[in-house]
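Keep the sequence and the model side by side while reading.

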Amino acid sequence: MTVLSNKREVEVDLDDQVPGAPASSLVPVTADPALDLAPPARRTFGASVRAYVALTKPRVIELLLITTIPVMFLASGGVPELSTVLLTLAFGTMSAGAANAINCYIDRDIDAKMRRTRRRPLARHQVTPARALIFGVGLAALSTAGFLVAVNPVAAAGSLFAILFYVFVYSLLLKRRTSQNVVWGGIAGCMPVLIGWAAVTGGVAWTPFVLFGVVFLWTPPHTWTLAMRYRDDYAVAKVPMLPVVATERRVVTESLVYTYATVACSLLLWPVAGMGPVYGAVAVVLGLVFLAEGHRLLRAVRAGVTGVHLRPMRFFHLSNVYLALLFTAVAVDPILY
């Protein structure tokens with residue numbers, strides 16, 4: 001799923017997003033299959049709980065909160081029912097956690113090689129692969145059933161689609177195979193927008209698809225600038241993120257193209273959803289700031305600046321702020337107008 005950051009710049013996930021290996025390695029296995037079933041060293045109950053929670057990648061799930069809640073305000077034309085919001089967030093968190101836990105199972109070999117991810121539960125043998133897989137599948141079943149019973153079938157279908165797409169299309173098919181992994185794999189991270197809308201209305205419309213497009217187009221530059229910072233990690237793990245297989249100039253150029261597309265799509269919501277002046281003003285100002293940072297990167301790389309001196313994480317952190325404030329405006333605008 002797409003990811004959000006924290007100031008310490010750890011466990012920020014693309015997840016760890018994306019691909020490139022032979023078919024035989026799509027589902028990595030340990031050297032000794034018996035290790036998959038052998039219980040880890042005895043741990044305290046609290047430590048075990050923390051390990052299972054870590055499998056769900058809580059920081060990645062922040063995207064759920066940032067995109068789902070505002071869309072529910074927009075779908076309601078104001079403040080949505082609290083029960084609907086809480087149920088959607090609860091089952092949505094379980095759904096995202098399920099996909100992340102299964103992704104940890106699939107990527108346990110490369111997680112152990114990457115500096116950013118080597119402290120994850122499976123890489124540190126805090127949870128066995130078999131138990132991690134069972135945990136993820138169990139969460140997937142519970143979240144889907146919860147949406148179906150307590151919310152509505154459309155939201156349940158969207159949740160299940162997001163899990164299956166993230167696991168089978170992104171994690172197994174795209175991540176180790178193509179530098180475009182996060183472009184198409186990011187579809188799973190856009191689904192909370194449709195799920196939130198469906199939870200309120202029982203269906204979908206053009207408005208949530210425009211916001212789907214915003215998140216979809218925002219994901220590549222967001223994740224590629226993070227991958228520029230951790231290029232060596234992905235190279236060691238043989239994950240073909242764009243910064244691993246392309247020049248910095250190409251990465252920055254393509255990121256700027258997607259940034260323009262993101263801003264354009266955000267402005268499209270204004271007429272499509274009949275948004276008021278608050279959203280319009282916020283979208284324009286944020287868009288200009290976002291584009292200015294993209295052009296800063298391009299000027300720097302054209303001037304011969306390279307590596308950490310490009311400060312790609314500055315763009316990455318700004319992209320988090322951009323998405324958070326844009327969706328805040330999505331929630332506030334229908335309350336005021």
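Leaving out neighbours within four places in sequence, Ser171 is in contact with Asn103, Ile106 and Tyr166, where contact means heavy atoms within 4.5 Å. With Asn103, the side chain of Ser171 also makes a polar contact, side chain to side chain, at 2.8 Å. A polar contact is a pair of N or O atoms within 3.5 Å; within protein, one must be able to donate a hydrogen and the other to accept it, and residues adjacent in sequence count only if both atoms are side-chain atoms. Ser171 counts as buried because its relative accessibility is 1%; buried means under 20% relative accessible area, exposed over 50%, and partly exposed in between, with a 1.4 Å probe and protein chains only. The residue lies in helix H7, residues 153-174. Helices (H or I, at least four residues) and strands (E, at least two) are DSSP runs, numbered from the N terminus.

This is a predicted model, in which local features need pLDDT of at least 70 and side-chain atom pairs count only at pLDDT 80 or more, while totals for chains, interfaces and linings use all residues. Residues are numbered from 1 along each chain as its sequence is written, and side-chain values use heavy atoms, with hydrogens and water left out.

Phe209, in helix H10 (residues 206-229), is partly exposed, with a relative accessible area of 38%. Not counting residues up to four places away in sequence, Phe209 touches Leu194 and Val204. Leu194 is 15 residues from Phe209 along the chain, and their C-alpha atoms are 7.1 Å apart.

Next comes a helix pair. Two packed helices are described by the angle between their axes and the distance between the axes. For H3 (residues 62-76) and H9 (residues 187-201), the axes come within 8 Å and cross at roughly 35°. Axes are lines fitted to C-alpha atoms, for helices over the stretch in contact, and angles run from 0 to 180 degrees between N-to-C directions. Residues of H3 including Leu63, Thr67 and Val71 meet residues of H9, among them Gly189, Val193 and Trp197. The residues of this contact divide into 11 nonpolar, six polar and no charged. Here Ala, Val, Leu, Ile, Met, Phe, Trp, Tyr, Cys and Pro count as nonpolar, Asp, Glu, Lys and Arg as charged, and the others, Gly among them, as polar.

Across the protein chain, the secondary structure comes to 15 helices and zero strands. Of its 337 residues, 56% are buried.
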